[in-house]
Amino acid sequence: MGKLGSVAAVAGGIGLVALALAGWTRQPAVQGGASVTGKVKFTGKAPANPVIDMTEEPKCKAKYTAPAREQIVEVNPNGTLADVFVYVKSGLPASYKAPAPTGPVTLDQDGCRYHPHVFGILVGQTLAIKNSDGILHNIKAKGTKNRPFNISQPTTMTSERTFTASEVMVPLECNVHGWMHAWVGVLPHPFFGVSGTDGSYAIRGLPPGTYTIEAWHEKYGTQTATVTVTGSETKTGDFSFAAK
Amino acid sequence: MKADRTALLAAVLLSVYPAIRLSAQDTTAGKNVYVKWCAGCHGETGAGDGPAASTMLPRPRNFTGAVYKVRTTASGQLPTDADLMRAIDDGLPGSAMPAWKGRLSDGERRDVMAYLKTFSSFFADTSQHIAALTFSKEPGGGAGAAALKEGRLFYDSIGCRKCHGDQGHGDGPSAPTLKDDAGFPIYAADLHQSWRFRGGPTAADIYRRLRTGLDGTPMPSFSDLIDQKFLTDEQLWRLAQYVRSLSPAETPEVRDVIHAAQIAGALPAAPDDSAWARLDRYWFPLVGQVIRKPRWFAPAVSGVWVQAVHNGRELALRVSWDDRSQSPDTAWLAFERRVLETMASDDSSPPPSAAEPWPDQLAVQFPRHIPDGMERPYFLMGAATDPVYQWRWTSQPRRAVAGLARGIDQFDALPSAPAAQAVYDHGEWRVVFTRALATPDTANDVQLATGRAIPVAFFAWDGSDGEHGSRMAVSTWYFLALDRPTPASVVVSPLIAMVVTLGLGMLVIVRAQRRGGQGGQGGRGAGRRSGV
């Protein structure tokens with residue numbers, strides 16, 4: 001299923017890139033290089049996300065006007081799929097050296113949900129795990145290539161951890177609130193993005209080369225595509241996931 | 001010259017006495033030990049999937065991920081060799097993992113520890129930091145009221161009750177949702193049974209678990225709270241001491257004879273009558289019913305506390321047991337389904353049915369007639385030709401009936417139902433049965449006489465654990481003695497007890513011999529699971 005549809009140069013992709021990169025996934029600034037941008041389409045009928053029973057947590061419940069739902073399949077109004085992690089799986093030259101991370105990536109526990117739900121981080125980059133709810137959360141990482149951790153956060157506080165090895169994806173969860181799940185892709189390079197509320201993603205600053213790009217979704221699995229870039233060109237790579 | 005001679009001597013010693021390398025760790029020798037003693041549960045490849053694994057909950061450790069519950073290292077870090085040796089040497093209470101000290105030599109245990117580290121590449125990764133945390137010494141005064149009050153304060157403020165429940169019985173609101181890293185259902189620890197804690201029962205053990213967490217389970221580490229000065233180290237100790245105070249000071253000893261004192265006047269018929277607090281209580285362990293199919297290897301009720309008192313006309317018997325759920329409880333249905341799925345690979349016939357909202361149940365069993373000798377009906381609910389007299393209590397409908405059981409499947413009610421009152425209090429059932437010592441139906445109802453050793457046995461079902469019918473927890477026969485107020489009892493009771501103890505001692509010896517003959521696999525499970 002790994003068709004990248006058509007890989008064509010698009011001049012005006014930069015705006016979308018900025019959108020997709022905004023917010024939580026703070027990546028090191030990458031100067032120059034090529035870009036791959038695209039949209040993650042969704043076809044078929046999206047399954048309804050389960051409603052969360054927050055009766056036990058009135059503080060969280062109060063943060064919602066409508067009943068909160070889990071974020072398993074987030075289909076955008078424009079028919080695209082959010083929370084798809086798109087990254088360079090292979091193709092980087094052996095000599096490639098990732099720039100040092102510029103700051104922490106923040107994962108916030110707010111309203112008994114994780115923000116963001118899917119994100120990327122560099123090997124060695126600080127993950128700041130914030131509890132904005134001020135009630136007991138535990139944050140557990142269940143990687144297999146990385147050592148796990150499981151931290152208790154019974155109050156408003158921030159804990160910091162790092163990952164030592166590439167791993168797509170490391171599941172994160174709270175056991176006090178069984179519905180809380182997040183996913184982090186740990187990579188040795190900054191060439192990743194997450195599809196946002198308009199379904200677009202962007203990978204910027206790529207050195208010239210031919211790459212395998214993979215798109216990962218927590219329910220629909222992975223798709224791969226191959227793209228070749230040179231100079232500072234921008235190529236489009238769309239993915240499409242179908243309801244099961 | 002001298003150095004040469006020493007080297008030569010060492011070489012000779014090494015070749016003649018291979019045992020001299022005891023201090024080293026030999027993974028080849030370790031593999032032999034592993035294959036022989038460990039693979040049955042932990043699997044040939046260390047994935048925790050040996051042939052016996054499917055009958056265990058919790059499941060045997062999967063070594064391939066190098067994720068270990070009981071450590072002295074920070075959350076997520078590899079265990080030290082000493083951590084691994086402790087689990088091998090002392091076993092893991094509350095699980096099927098036995099203590100291997102005494103069964104395997106020092107060298108064998110060290111070798112097998114070295115071998116199981118080879119199942120994961122993490123141990124060979126030199127960038128992994130393996131260092132025990134520095135633990136402070138336990139502050140004094142931990143058993144004092146002020147300290148316990150402070151500990152309780154933190155029990156509430158850091159949210160322990162979310163999983164372990166308001167009174168620590170493992171019945172918190174999140175308890176029914178808990179899974180381990182492999183997706184198997186996992187119980188929040190019942191903090192009233194410290195002898196079943198995997199990492200040990202002392203306040204120091206509990207403090208260490210709070211610092212390190214139990215990797216692979218929902219139990220997190222609280223070290224960050226100390227680092228960020230949300231809690232002081234001493235406050236974490238107070239919490240550990242409070243948790244320790246919830247269990248008896250000593251692991252309960254199993255005494256074979258329940259003594260029911262005689263009192264004058266009315267008996268305490270209510271479960272929370274203050275009179276019960278003054279009466280001695282007796283602990284009886286229960287194990288899964290693994291004789292008749294469908295068998296049950298995951299009993300939720302690990303034992304019952306029993307108290308008895310009589311007034312010459314009636315007997316009141318109080319049975320208390322820890323149960324995480326007041327079944328039927330729909331909040332536990334998904335958990336029950338996961339338990340049944342997890343245990344479904346047993347050779348049960350018929351296979352476990354779909355999860356249903358079963359009630360909780362308890363049965364108290366007597367023979368129909370008090371035997372003169374040691375002959376008693378079959379402990380597992382009698383037989384067609386030799387029935388037993390039982391009281392059966394259910395949580396829904398909330399009532400007790402009396403009847404004759406002729407094996408597990410046949411129960412014929414009798415009119416002599418005992419009066420029963422029950423309370424469910426934050427993860428604990430307390431049920432009081434009251435019945436006249438003598439009844440009109442002397443052929444079927446046990447006639448409870450003073451000064452006799454009355455055989456008694458107990459059965460429990462946790463509906464939310466999928467327990468129903470033969471999927472239950474069972475005890476063996478014990479004895480109930482209705483003491484007499486007359487001086488005669490001073491002589492008679494000890495005599496009875498002596499005879500009984502002697503008989504039981506013989507029984508234990510015979511059984512131990514039989515069990516010893518079962519060999520590795522059976523003997524291991526027998527410790528908790530099949531020691532019926």
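This is a predicted model: local features need pLDDT of at least 70, side-chain atom pairs count only at pLDDT 80 or more; totals for chains, interfaces and linings use all residues.
Residues are numbered from 1 along each chain as its sequence is written, while chains are lettered from A and ligands numbered from 1 in the order in which they are written.

Let's begin at the interface. Here 20 residues of chain A are in contact with 25 residues of chain B; contact means that the C-beta atoms of two residues, placed from the backbone, lie within 7 Å. On the chain A side, the elements giving two or more residues are β7 (137-141), β8 (149-153) and β9 (157-161). Helices (H or I, at least four residues) and strands (E, at least two) are DSSP runs, numbered from the N terminus. The largest share of that side, four residues, comes from β8(A). By type, the chain A side splits into seven nonpolar, nine polar and four charged residues. For that count, Ala, Val, Leu, Ile, Met, Phe, Trp, Tyr, Cys and Pro are nonpolar, Asp, Glu, Lys and Arg are charged, and the others, Gly among them, are polar.

Now follow β8(A) and β7(A) into their sheet. They belong to an open sheet of five strands in chain A, ordered β5-β11-β10-β7-β8 with mixed pairing; strands pair if DSSP finds at least two bridges between them. The edge strands are β5 (118-122) and β8 of chain A, each pairing on one side only. From one strand to the next, the twist averages 25°. Further in, β7(A) runs antiparallel to β10 (residues 167-173) of chain A, and two bridges join them. Look for A:Lys140, whose bridge partner in β10(A) is A:Glu173.

At the other edge sits β5(A). This strand pairs with β11 (residues 181-187) of chain A in the parallel sense, over five bridges, and A:Leu122 stands opposite A:Leu187 in β11(A). How many residues of β5(A) are buried? Five of its five are, where buried means 20 or more other C-beta atoms within 10 Å of a residue's own, exposed means 12 or fewer, and partly exposed lies in between, with C-beta atoms placed from the backbone. In a regular strand the side chains alternate between the two faces of the sheet. In β5(A), A:Val118, A:Gly120 and A:Leu122 lie on one side and A:Phe119 and A:Ile121 on the other, and both faces are covered.

Over to chain B, which has twelve helices and 14 strands. Buried residues make up 44% of its 532 residues. Of its contacts with a separation of 6 or more, 68% are between residues 24 or more positions apart.

One helix pair is worth a look: α5 (residues 145-157) and α9 (residues 233-245) of chain B pack at about 100°, with their axes 7 Å apart. Axes are lines fitted to C-alpha atoms, for helices over the stretch in contact, and angles run from 0 to 180 degrees between N-to-C directions. That makes α5(B) roughly perpendicular to α9(B), a label for angles of 65 to 115 degrees. Residues making the contact include B:Leu148 and B:Phe154 of α5(B) and B:Leu239 and B:Ser245 of α9(B).

Finally, zoom in on B:Ser245 in α9(B). Why is B:Ser245 partly exposed? Because 19 other C-beta atoms lie within 10 Å. Not counting residues up to four places away in sequence, B:Ser245 touches B:Ala143 and B:Leu148.

Definitions and conventions:
Angles under 35 degrees count as roughly parallel, over 145 as roughly antiparallel, 65 to 115 as roughly perpendicular and the rest as oblique.
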